[in-house]
Each structure stands twice: as C-alpha cells, then as structure tokens.
Amino acid sequence: MSVPASPLGTSSIGARSTAVPDSDATVKPMRADAQRNHDKILAAAEEIFALDGVMVPIDIVAERAGVGIGTLYRHFPTKEALYEAIVVTRIDELIAAADAYVADTGAEPRGALDAFLREFARQASDKKDLFEALEQSGFDFKARFADRVDELLARIDVLRKRAVEAGAIRGDVDTQDIMNLVMGTCHAAGQSGTDDQAVQRCVGIVIAGLQPISS
C-alpha cells in the first residue's frame, strides 16, 4: 500500500517516536530543545522536498530549519534517515487518529469510518507533492514500512467491521478494497489538480457506495 500522508506539519498525534528504533535498543525521550530541533528539521524537509524535490542539498534543509548542519546530522545521519522519519511521522499520525476512533466505542460506526476515511484523504491530498517526491527518489515505502502499514490497516478493519455489524455498510467489501478506492480517488484527484473540497466530494461518493445493497 502506498502511503500518502497524513496524513498528514509534524505535530505529534499520540506518543510514537518519529525515529525508527533499533529492536535491541531502548529509545530514550528527547530533551525539549532537541525535540524542537527535530520537529523543525522535519517540517523544513517536508516543505522543501514537496516544492523542489528530494535532490535539494541537505544544508538547505538545515538553513530553512534554522539549525546548524551538525545538528541536522545528529538527528538524521543520512538523507534516507530523514526520508524515513518523514514517512514514519505521517503513518504514525494516521495510526493515532485511527486509534482515537477505535477507542470511541460509543460513536456511530458508519460515522466513525466515514470521518477517518475523510481524514485519511485530507492528509493524502495535503501531502501528495511530498510523497511523490519521495517516491521519485526510489525510496521503497512498501518494503520499509510494511509492519506499520499493517498496523494502520488493522485499525481501519476494526472500524469497518463495526460498521458491518451495525448494518451500516455492506459486508462483501473488505478493508483493502475500501483503501484502494480511497487512495485511487486521491491519486486521480492529484493528477487532475483537484482541490481538497473536490477530493472530499469524491470520497463521499466512495463512502456512499458502501451502503448495504437493498434486497
């Protein structure tokens, strides 16, 4: 699954680290000043890569972030590490957003799924230029982040199943089908230069198509 983002600046929804942890190491929380620099670098990198592509020299990212090149390299030793952090931030924010809908067991099931899919589409639309630039660099999203993508799909599957059990959507469409439709809509909208309002309208059509089939 190709992941647009959020989904989604670099605000943190939830408590996940934007670094890719070593399985044998304990990740220590950053000091407040280090976290600020980390977030400024990510925000600057996202903006520059989206506008000018990923071949921009790394010192330009440091300059835009207002930090020294040494500070940037302490956080991100390689350009690929910076790419990874950007993608992890986006996926983890989507996971946290899905978690919030899953945790709200009192929410109307169709409404919860609808709201999450619209948030997913909004983030995908907002960050399409950034992720197109990363894809053009040859960065392999699928191989590097398969586990995180599976986590996200598992959350969405909970929302889908609740909506099916409530009789709010048809039961013969699985989670991957739904995400393929939403992502396809976002991709097509991006190719045609459609704005977010139009993207949301198209996603609404996809959601309407999930209604149970009348007998």
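This is a predicted model: local features need pLDDT of at least 70, side-chain atom pairs count only at pLDDT 80 or more; totals for chains, interfaces and linings use all residues.

Residues are numbered from 1 along each chain as its sequence is written, and side-chain values use heavy atoms, with hydrogens and water left out.

What does the secondary structure of the chain come to? You'll find ten helices and zero strands, so the pattern along the sequence reads α-α-α-α-α-α-α-α-α-α. Helices here are DSSP runs of H or I with at least four residues, strands are runs of E with at least two, and the numbering starts from the N terminus. Of the 215 residues in the chain, 44% are buried. Buried means under 20% relative accessible area, exposed means over 50%, and partly exposed is in between, using a 1.4 Å probe and protein chains only.

Start with α2, which covers residues 58-65. Its buried residues are I58, V61, A62 and A65. They sit on the same side of α2, because they cover an arc of only 100° around the axis. That arc is taken from the directions from the helix axis to the C-beta atoms. And what do the buried residues of α2 pack against? Their partners are α1 (32-52), α3 (69-75) and α4 (79-103). Just after α2 comes G66, with a positive phi of about 75°.

Setting aside its neighbours within four places in sequence, K40 is in contact with A65, G66 and V67; contact means heavy atoms within 4.5 Å. K40 counts as partly exposed, as its relative accessibility is 37%. Its C-alpha atom is separated by 8.7 Å from that of R64, which is 24 residues apart from K40 along the chain.

Now move to α4, and see how α1 meets it. These two helices pack at an angle of about 95°, and their axes are 10 Å apart. That makes α1 roughly perpendicular to α4. Axes are lines fitted to C-alpha atoms, for helices over the stretch in contact, and the angles run from 0 to 180 degrees between N-to-C directions. Angles under 35 degrees count as roughly parallel, over 145 as roughly antiparallel, 65 to 115 as roughly perpendicular, and the rest as oblique. On the α1 side the contact is made by I41, L42, A45, E46 and F49, and on the α4 side by K79, L82, Y83, A85, I86, T89 and R90. By class, that contact has eight nonpolar, one polar and three charged residues. Here Ala, Val, Leu, Ile, Met, Phe, Trp, Tyr, Cys and Pro count as nonpolar, Asp, Glu, Lys and Arg as charged, and the others, Gly among them, as polar.

Helix α5 (residues 109-126) is another partner of α4: their axes come within 10 Å and cross at roughly 165°. The two are therefore roughly antiparallel to each other. Their crossing is right-handed. A crossing is right-handed if the near helix is turned clockwise from the far one by less than a right angle, and left-handed if anticlockwise. L94, A97, A98 and Y101 of α4 make this contact with A112, A115, F116, F120 and Q123 of α5. The residues divide into eight nonpolar, one polar and no charged. Pick out A97: it counts as buried, at 11% relative accessibility. A97 and F116 are 19 residues apart in sequence, with 7.5 Å between them in space, C-alpha to C-alpha.

Then there's helix α6 (residues 128-136), which packs with α4 at an angle of about 140°, their axes 12 Å apart. So α4 and α6 are oblique to each other, and α4 passes α6 in a left-handed crossing. Y83, I86, V87 and R90 in α4 meet L130, F131 and L134 in α6. This contact has six nonpolar, no polar and one charged residues.

Which residues of α6 are buried? They are L130, F131, A133 and L134. Seen down the axis of α6, they fall within an arc of 155°, so they line one face of the helix. These buried residues pack against α1, α4 and α7 (141-144). After α6 comes G138, whose phi is positive, near 90°.
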